[in-house]
There are 2 protein chains.
Amino acid sequence: MPDSSAWRRGFPPPPEHRIRFVDLTTLPYPAHRWLYCHWREVVPSVRVWRGRGAPRPLPRAERDLGGFTFDDPAGGTCTLNEALLRSATDGLLVLHDGKVLFERYLGDLQPHLTHRCFSVTKSFVGLLAATAVHDGRIDAALPVAHYVPELADSGWGSATIRQVLDMTVNLTFEEDYEDPEGDVVRSRRAAGTLPYPAGYSGPQSLYEYLLTVAQAGPHDDSFQYVTSNTHVLAWILQRVTDTPLATLLSEKLWQPLGAEEDGDLMVDPDGIAEAGGGLSVTLRDLARVGELVRCNGVVDGEELIPKAVIQDIADGADRQKFAKAGYREFDGWSYRNQWWVSHDAFGAIRGLGIFGQQLYVAPGAGLVIARFGSQRIAVDDALEALLMSAFGSLADLVAR
Amino acid sequence: MPDSSAWRRGFPPPPEHRIRFVDLTTLPYPAHRWLYCHWREVVPSVRVWRGRGAPRPLPRAERDLGGFTFDDPAGGTCTLNEALLRSATDGLLVLHDGKVLFERYLGDLQPHLTHRCFSVTKSFVGLLAATAVHDGRIDAALPVAHYVPELADSGWGSATIRQVLDMTVNLTFEEDYEDPEGDVVRSRRAAGTLPYPAGYSGPQSLYEYLLTVAQAGPHDDSFQYVTSNTHVLAWILQRVTDTPLATLLSEKLWQPLGAEEDGDLMVDPDGIAEAGGGLSVTLRDLARVGELVRCNGVVDGEELIPKAVIQDIADGADRQKFAKAGYREFDGWSYRNQWWVSHDAFGAIRGLGIFGQQLYVAPGAGLVIARFGSQRIAVDDALEALLMSAFGSLADLVAR
């Protein structure tokens with residue numbers, strides 16, 4: 001189990017355990033475990049206010065699932081406890097029929113600490129944007145440039161909002177997390193979430209960066225996972241509503257959900273939210289969002305997200321277009337409104353973020369799983385398969 | 001009334017109303033009004049957690065004091081409303097005998113938003129450090145270097161903790177807020193709260209900066225207001241307790257006080273709190289701290305700060321040493337444990353921060369006043385005198 005307990009500790013931290021923004025690109029691995037629970041201590045962020053009310057209680061019906069055994073896709077079997085350790089889990093919360101079945105924290109995470117969601121952030125934005133489409137504030141059939149004329153000459157100029165929502169925009173952007181000079185790194189530098197290299201003269205804001213991404217071919221042919229799509233989507237949403245994303249998240253989700261803690265949302269040098277991966281929330285509040293989705297957008301009789309929006313996500317998108325992207329571990333899946341859709345018997349859908357962030361919602365099993373992790377590499381197919389097997393087996397268990 | 005409503009608004013903000021960290025030294029004035037309510041959106045910060053409980057209610061016994069008239073030291077009279085406008089007030093909250101007498105928000109501030117306290121932060125640190133002295137964890141008679149050997153060769157090497165608490169350390173540091181290349185600016189650059197100039201090769205953390213400050217003459221001769229003293233004090237406190245300031249503030253004050261919102265505490269590149277001016281809290285929570293002090297450290301029967309610590313502050317320090325510093329508007333005052341002590345009939349003590357931050361506690365009148373502002377210049381003697389007259393007259397009014 002990677003241990004980050006020595007990092008950024010002490011007054012001052014010793015040089016070998018410093019975590020400074022200027023060193024973010026070269027920090028050795030275990031440091032990240034601290035970082036994912038403390039992002040706002042390294043970059044600017046805006047509060048996602050939970051409001052004044054008491055948190056909505058999470059009823060408990062706990063079961064010790066640590067010894068629960070499931071098939072390891074790599075061979076043999078594995079217990080849940082073993083899987084948590086192998087996958088550098090920071091926290092796991094399992095809700096069944098809205099009650100806490102299992103809750104566990106490891107590493108630096110605690111119930112009241114926010115953890116970076118990475119791309120699960122996209123699924124939050126998807127809920128809000130799809131709601132704006134449902135409400136008629138955004139016409140998903142219109143091109144992006146209708147709402148954001150600045151993007152007319154970019155790769156999104158002729159793409160429709162629907163294509164952005166479902167990530168079928170054909171862009172020159174390559175979502176490669178390991179390329180030290182690739183599109184992902186360049187986007188992060190512009191967003192202010194990675195330091196500039198010496199002599200940097202690139203874009204100095206998220207929106208400036210988006211103007212540099214070009215169209216690579218005809219849109220709507222296949223799924224192409226590009227984080228910048230979510231930055232574009234949030235740009236449209238914020239322009240149409242004239243409201244910052246943090247305020248929308250607070251008003252539409254955090255306050256009415258009865259979230260337990262404020263969220264922290266990273267912002268770029270202009271104060272624009274990093275909507276593709278910049279949200280940090282507590283594990284319990286992440287689970288509350290999953291539970292909202294499981295309950296078709298309704299909490300305590302109040303519809304926060306239209307049922308039709310949840311149904312539209314559950315129905316998924318074109319599986320052929322998705323298949324062309326070649327995600328072996330998501331055979332038969334699709335991607336709709338910034339959610340990964342399994343089309344399985346439980347109707348499972350997922351929010352997914354690099355380094356092991358997951359929000360798994362399986363309505364057919366009454367199951368919601370929120371999971372934060374600090375894996376060593378951004379996308380680890382073996383760990384992904386292990387957790388998929390764990391979650392699927394848990395769904396089988398509780399659906400029995 | 002300076003209006004910052006156009007600043008950092010829009011997606012993206014127009015170039016003329018951008019607020020970027022790299023431009024902090026050159027932003028025109030009204031922008032600051034936005035900044036003081038949104039510091040965490042520009043620099044890294046750590047949460048001061050309020051805990052899980054419901055906020056402690058602030059009972060209300062409101063009176064419309066807007067038309068309350070008092071003597072204007074510049075001549076004639078002034079109403080409270082006029083004074084609020086003239087001094088670019090962001091929020092004013094008056095408690096009498098623990099009940100809200102008057103509460104008003106202007107500019108960008110709202111009840112749930114945190115506002116930067118600037119040097120009122122010092123008074124929070126003073127409460128914690130003086131408590132640690134009272135509890136025997138810190139011996140105030142010992143030299144700084146006893147607890148922080150790194151500072152042995154700095155200006156603080158031979159100074160005692162008591163001298164740091166009361167700011168009678170004799171340092172080469174000049175607390176001049178208007179000097180664009182002075183000690184204050186150099187300290188802020190090191191703390192990461194101002195951008196580096198081109199080719200910067202100075203210190204890259206608060207503690208590195210402190211090592212550059214030298215002794216200017218014999219200590220303990222006169223009061224010398226130097227923000228770095230509080231950085232040293234917080235260094236000692238954090239080293240002795242092995243606990244970050246944000247955690248101490250949460251455990252010792254924010255949680256037991258029943259604060260309404262989490263606080264935001266700016267941190268330097270190593271994650272070290274900017275203890276001299278980096279705390280942002282809501283107006284109501286600032287007032288709660290004032291009320292705690294008014295009640296001798298006791299809230300609902302629980303002693304959060306030892307009565308002896310509050311009494312020691314109220315007793316003040318050496319007024320002759322204070323007088324040598326030449327603060328004309330504080331004739332007869334002293335400075336004790338990071339609080340300004342009036343020695344007046346009401347036993348008034350104050351936390352004071354640049355640009356108009358105030359926490360005024362007048363136990364003899366049962367009065368606590370919390371005040372946030374966005375004045376144009378850091379220290380404005382005329383506005384200071386105006387507010388002093390207002391607060392003193394309010395104390396007379398309620399004490400009648």
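**Exercise 1.** Through which surface do the copies, chain A and chain B, meet, the same or a different one?

*Solution.* The model is a predicted one. Begin with the superposition: chain B is brought onto chain A by a rotation of 180 degrees, with 0.0 Å of shift along the axis and an RMSD of 0.0 Å. The two copies are therefore related as by a two-fold rotation axis. Within chain B, the C-alpha nearest this axis belongs to Pro44(B), at 2.3 Å from it. Turning to the interface, 100% of the interface residues of chain B are also interface residues in chain A, so the copies meet through the same surface.

**Exercise 2.** Determine the strand order of the open sheet of 7 strands in chain B, and identify its edge strands.

*Solution.* The order reads S5-S4-S15-S14-S13-S12-S11, and the pairing is antiparallel. Strand S5 (99-105) and strand S11 (334-336) of chain B each pair on one side only, which makes them the edge strands. Neighbouring strands of the sheet are turned against each other by 15 degrees on average, with direction ignored. At the S11(B) end, 3 bridges join this strand to the antiparallel strand S12 (residues 339-341) of chain B, and Tyr335(B) has Trp340(B) in S12(B) as its bridge partner.

**Exercise 3.** Locate helices H10 and H11 of chain B relative to the strands.

*Solution.* Helix H11 (residues 307-315) of chain B packs on the sheet, where it touches S11, S12 and strand S13 (349-353) of chain B, and its direction makes about 50 degrees with that of S12(B). Helix H10 (residues 283-294) of chain B lies across strands S4 (89-96), S14 (357-362) and S15 (367-373) of chain B, and runs at about 150 degrees to S15(B).

Technical notes:
Residues numbered from 1 in each chain as written. Chains lettered and ligands numbered in written order. Predicted model: local features only at pLDDT ≥ 70, side-chain atom pairs only at ≥ 80, totals over all residues. Pairing = 2+ DSSP bridges. Helix = DSSP H or I, 4+ residues; strand = E, 2+ residues; numbered from the N terminus. Axes fitted to C-alpha atoms, helices over the stretch in contact; angles between N-to-C directions. Contact = placed C-beta atoms within 7 Å. Least-squares fit on C-alpha atoms with pLDDT ≥ 70 in both.
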